Structures are given as C-alpha cells and as structure tokens.
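Biologist: I'm new to this one, could you walk me through it while we both look at it?
Modeller: Gladly, just ask as you go.

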Amino acid sequence: MTKNITLDLEQTFGDLNECVLVTNPERTIVFINQAMSNLLKVDREKVVGTTTKRFFANPNQFAQMAELYQSPTDHRNRKAYSIDLALEDGSTVSVEVVSAPLFDTDHTLTGILFIARDQAERKALESKLSDIALTLEDALDAISEGFALYDKDDRLVICNDNYREIYAHSAPAMFPGNRFEDILRFGLNRKQYETGGKTDDEWLAERLDRHQAGDGSILEQNLSDGRWLRISETRTRAGGIAGIRFDITELKHAQAKAENAYKNLSLMADNIVASVTEVDLEGRCVFINKTACDWFNEKPETLIGTRLRDRLPWKEREAVRTIFEEAMSGEKVSSEVSFHFPDGILRECLMSCNPRFGDDGAVEAIVVLISDITDRKKTERTLAELYAITSTRELGHEDKIAEILRLGTEHFEVPFGIISHVIDDHYTITHAQSPEGELVPGTSFPLQDTYCLLTLKSEEPIATANAASSEFARHPCHEIFKLETYIGAPILVDGEVHGTINFTAPDVRKRAFSPSDLQIVRQFADWVGHEIARQRDHQALMNAKINLERVASIDDLTQILNRRAFLERANTEVQRFRRTKRPFTAVMMDIDKFKQINDLYGHATGDEVLKKFSDTVSSALRAVDIFGRVGGEEFCMILHNAEIEDAMLVCERLRVKIIEECQLDIVKQTVTCSMGLATVAREDLEFSTLMQKADTALYEAKATGRNKCVAHKSSYPEHAPAL
C-alpha cells in the first residue's frame, strides 16, 4: 500500500516546480519531490524515512507545527507558516509553508502534505524599495518645509523628515506604499487634527476631495496641538500628487492678534516681515506697517488715505478688487497673487483679506496681510525642474550642465552662470551661460582675482547681494570685474576640489539671498560634481577598452574580451573600487547543457551558439560594463556602479533576452544561461576572490535547476562586514 501511495505522489508532484514534502502522522518523511530536494540540498532517497526535525533551524518552530498533527481538521491551522530551514551545507533559507492533511477512506489521518516557497527574492525586492526611499529622503533634506510625494494610486512614494515631524502622530503610518487615506485615518484615530466640529468621516471626505483635486490651491489645516499648516498639492506629470506643508502657526497667530487687538496692531505689525494694512470700504488705506511702506517705497503719511491698489499695474488691481469685493461680503479670503510693487521687486504673495466687523455686525474695514512666499515657490519650482533635468535620458552630459546653468541664472535672477575648473592658482571657465555669449569656455584667470577663491577657502556655499557693502568689496574681483552679486559653491569630484559653480551679476540684487538659495546652489554643485566624475570614469573605461583591443585582447570566436584581458580589466575595477568606493557586481555566466549541444550537433554548431550568445549579451550592456569569455562556455561580466539589487534586475532581463534571441533552428533544445552574482567588498583585494564568490553562486544556480540568477549571500547588506 505504501509503495502505491509513493508512486502516486511521484506521479502527481515529482516534476512540479513547487517544493513538496509529505510526512506520515509520526512526522517521518515519506516523500519529497525534486524541487524540495534541490531547496534542501539533500538526496531524495536518503532523506525519506527521517524526521523533519533535522531541517528546522529554530526548534521552537518544529514544536509549534505539532498542532498540525494534533488537530488536522482545525481550520485555524490552515495558515501559512514562515520557517527558517537549516540546509545540509550549513546555510539557512527562509520559506513560506502551507499544509494540507491527508486522510484515508476511513477519515484517518495518514499524513501531512507541505508546499514551501522561497522568500529570498521577495525580501530582496522589499530591501531595494526601502533603499530607494531612503536615498530620495536624503535628497529632499534641502527643503525646509514638509514634502511628500504620492503616486497615481495615491500611495506614498517618499516624504522628508520635516513631513514626519509635522505629523508626528501619523509618522508610524508613513511608509512607502501606504495610501494617503490610510495615513489620514491613522492620524484621525490619534486626534491629530482639529476637525472644526465635523465628524471624522465628514472631515476625511472633505480633505480627500481637496487632495485629489491637486490643483495647487492653498489649504490651511489646523492641528489639535494648536499649530496651523499651509498645504499646497499639485498633480505631477505621472499622475501622482506632490505636496508642501508649511508651518504658518506664527502667521495665524499674527492674523488673530490683528483681528482681535486692533489697538495694538501698529506695535505688532511692525515686527512682522509681511505687509499689514487696513483699508476702509472705499479701499483707502487707514493703517500700514513698516514692511508695506518699504514695498510701496513711500512713507506712511504719504500712503495713508490713498488707494494702495492704484499704485499697482492694472491687471493686479483687478485681481485685488475681486478679492476685496468677496471680503466685503463678510468672508475671509486668501489667495496667491503676484505683485509688481513700486520698490521694483516682483513678489509672489499670499494675500489674506480679513473683514473687521463693527458693533452692529456690519463690515467696517478690511485688514490685509500680504506674505512674501517668493523664495518658497521658486525653491519648489527649481527643485522640481532640477529633478527633471538630472533624471531625463533625453539630454546628454553637456546639455544637462547647460540646462543647470540656465536654471540657476533664472532662479537667482542674474545674467551669468559659470562652471570652472581650478588647477593650482589657475581658474578656467569650462561651461558658461551669458546673454550674449560674453563668457567663453576655455578662458582662464588667476584664481586670486575671482570671488571663487573665497568660496574654495570657505569650503561651502557663499553669497552676497551687494558686494560693495560686504567683505567682497575688499577682494580684487570687485575692482577687476565690477560684480556686485555673487553666489557660488565648491565642486568636488571623488572627494577632491575640481572647481566652482557660481552665478553673478554686475548690479546689486534687490532681494538678499536666502538659506534656501544656498541649499539650491549646493545641490547644483553636488550634481555637477557627480556628473563630471561619471564622465571621467566613462572616458577612462573607453580609453582602457581601446588600449586592450590594440594588444590583441579579443577572443577570436566571440569577438569579446579573452580571459587574460578580462581579468586585467577586472583587477583594475577592484583597484578603482578601493580608491573611490564605487561598487560593481561581477556575474559568472554559463550556457546550460552546452556539452550536450556539442555532442549532438557538433562543435561548429556549438561555436554558432557561443557567438550568438556573446552578441546578445554585448548588445544589452552599457559601454562602461565589461564582458569577457573566461572558459569554453563560461563568461563573466562586470556591471559598473551596480549594487546587487540593480545587478539582479539587469541579469534577469538578460536571462530572458538570451531565451528570446539565442536559439538556432538546428538546435532542438532551448539555449538558456545560468548566472552567479557577487558584489565587490572591502575584503576583495584581487578580482580572483570576487570571481570565486560569483562562481559559487553560479554553482548554486546550476544545482538548483539552471536558467536562473543567484546572488552570493555575502552581496546582501546583512552579510557586509562591520566597519
């Protein structure tokens, strides 16, 4: 009877890709299929008749699963178990296990059937997503406000630390993939929001409607701890929603004081860096603070009694008139408006009109608060455009640098933008933006004659909007080049000073540079430095490739690097890694069952397979990657600047491409390839040690079914050595 059951199990489960194991009621193994044998790295015949306990890395998990045998009909036991299995070679693997009881015709338990699935790939993908999110969070630290980006399905992609700090109660729910609605509910449940008398569901529905509109309109939000936020959310080109949260608590408090303590308005208003005015029902000014006087470029006595909006261009007067009419109906109105003020500065402003009521309840006057939000809006736009420039594939290296210089001149409102290369005391323009082409790349100056000397000495971004009134006036550049406006930052390439990026003007800048401006120019410098380093590495690789080809480094059959040339290039990459810490991943590749092709169809056909395989792989790689033949049907490639997760994605795409493009009509079997991956680590003094790791991973790929990509366990972060 047992023999017949075994034969049925073999026929049913033997060739399945899923890992299957069957035990009797005494937890003794009566059957495992080949997939399970490969996973456990055991001989099928030898393991039958032994207990499953030997494979549990954690004895407690073995004891826990006894409940499956004690209560086989209990549906609560039909859950999936996560188990750490101990393999014969001493390694462990995490699997998800589901089970089903087996009964005979008398409904007596005859055994348990288990199906196991390896969780390694899922965990690797989860780790990769986590790493990407952390990288983007670091890039967003330049934004002083709270920033969050949601995808087209309204799931969180990334947010910065300021966003989490603003919504501290909701922070545990702010993880990539979680829906905006779920994050809101999490905060509501913890009384984070002041709902203004609405039920949670009413407040939530109204907030979601504003969020989904994504039209850039302003929303003011009151938190239960008394803080106020101004929220601006805009649809991205990909259909997602990007939002900025700005703490306006101080501004709200100022508005409240203006409305409730008019007698103290003058004292308070002059301490606010915003325009505060009060106008009567005819639009005539009855109160104005110091900031507003500066913007209108007049003294208070000149402005009181006049219609301030008459001093603005006619289109702006119309916008103000519409807002005033709405406020005069008794409604508080807020709107973002751009104003050309008489002091000659264009400001993007948030204008709030607050009706003041008399004792009879009628509107007597309008208190107007205008806040300058130019820096914040410009920073938002510039960061968004910088991301678009640096992430696009439509622009080359030179075009991206030119676009960054253009973006910088527009952001800082200056005519000139320069990227320089500094060697010893020589300052040379390498890239320039100027209205009439006045600045010519290749032009050199003594470093001591440029403001960039100050930048390099400070080792951080510096700026002046009025050189004549600052320490810049004592520098020779002020006399030689007559530059009154300057902002610049050092450019570092591989940790060494390369030069500077700077933006200048001969005129005094009407607006002082803000901390956000310094962060922006630092972002420009960092990206340009990384791009220059990337181009240098690219050019070095291209030169190395040309030199290697000149010394007959090409394999005659496949026209790719031979073993000697490949290993020379590989060791060079190891040395580069030790200098720059830029990672790369080595991939050992082996054509599956190649000997069988030679034996059945002859060596000429085998050679055709090798050539087709080499052409397919070569066409899929970047110019900076390295690919060579290191044995008969063995190949090796180096994926430049690739951690294990990115390398695994490349190899999986390549594995599928080989199946699609490497077939010959004469060869009946499918040509496939197995790959073993290993990422370079500090202990890899020579490429041979890294190659051995990749070879070990290749052996595992071969042993566990072929036509797959396997990464050496040391390549994952949890196996990295401690610093």
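Biologist: Leaving aside neighbours within four places in sequence, what is Thr52 in contact with?
Modeller: Thr52 is in contact with Leu21, Thr23, Arg27, Ile29 and Phe62, where contact means heavy atoms within 4.5 Å. This is a predicted model, in which local features need pLDDT of at least 70, side-chain atom pairs count only at pLDDT 80 or more, and totals for chains, interfaces and linings use all residues. Residues are numbered from 1 along each chain as its sequence is written, and side-chain values use heavy atoms, with hydrogens and water left out.

Biologist: Where is the place of Thr52, and does it count as buried or exposed?
Modeller: Thr52 is in the loop between helix H3 (44-47) and helix H4 (59-64), the helices (H or I, at least four residues) and strands (E, at least two) being DSSP runs numbered from the N terminus. Thr52 counts as buried at 9% relative accessibility, since buried means under 20% relative accessible area, exposed over 50% and partly exposed in between, with a 1.4 Å probe and protein chains only.

Biologist: Which ring does the charged end of Arg27 sit over?
Modeller: The charged end of Arg27 sits over the ring of Phe62, 3.8 Å from its centre; the criterion is that NZ of Lys or CZ of Arg is within 6 Å of the ring centre and within 35 degrees of the ring normal. In another such arrangement, the charged end of Arg190 sits over the ring of Phe186, at 3.5 Å from its centre.

Biologist: Changing topic, how many aromatic pairs does the structure hold?
Modeller: There are 20 aromatic pairs, counted when rings of Phe, Tyr and Trp (its six-membered ring) have centres within 6.5 Å, with planes under 30 degrees apart called stacked, over 60 edge-to-face and the rest tilted. Phe412 and Phe503 form a tilted pair, 5.3 Å centre to centre with 45 degrees between the planes. Phe412 lies in helix H16 (residues 397-412) and Phe503 in strand E21, so the pair ties together parts that are 91 residues apart in sequence.

Biologist: Is Phe412 buried or exposed, and what about Phe503, buried or exposed?
Modeller: Phe412 is buried, with a relative accessible area of 0%, and Phe503 also counts as buried at 0% relative accessibility. Tyr451 and Tyr486 form an edge-to-face pair, 5.4 Å centre to centre with 65 degrees between the planes. Because Tyr451 lies in the loop between strand E18 (444-446) and helix H17 (452-458) while Tyr486 lies in strand E20, this pair ties together parts 35 residues apart in sequence. Tyr451 counts as buried at 2% relative accessibility, and Tyr486 counts as buried at 1%.

Biologist: Why is strand E20 largely enclosed?
Modeller: Eight of the nine residues of E20 (residues 485-493) are buried, so the strand is largely enclosed by the rest of the structure.

Biologist: And which strands does E20 pair with?
Modeller: E20 pairs in the antiparallel sense with strand E19 (residues 462-464) over three bridges and with strand E21 (residues 496-505) over nine bridges, where pairing requires that DSSP finds at least two bridges between two strands. Ala463 has Ile487 in E20 as its bridge partner, and Thr485 has Ala505 in E21. The hairpin of E20 and E21 has two residues between the strands, and Asp494 there takes a positive phi near 55 degrees.

Biologist: What does Thr504 touch, not counting residues up to four places away in sequence?
Modeller: Thr504, which is found in strand E21, touches Val414, Pro415, Phe416, Leu483, Thr485 and Tyr486. Thr504 is buried, with a relative accessible area of 4%, and its C-alpha atom is separated by 9.1 Å from that of Glu413, 91 residues apart along the chain.

Biologist: Now the open sheet, in what order do its five strands come?
Modeller: The order is E23-E24-E22-E25-E26, with mixed pairing, and the edge strands, each pairing on one side only, are E23 (626-629) and E26 (709-711). Strand E22 (residues 584-591) and strand E24 (residues 634-640) pair in the antiparallel sense over seven bridges, with Ala586 opposite Ile638 in E24.
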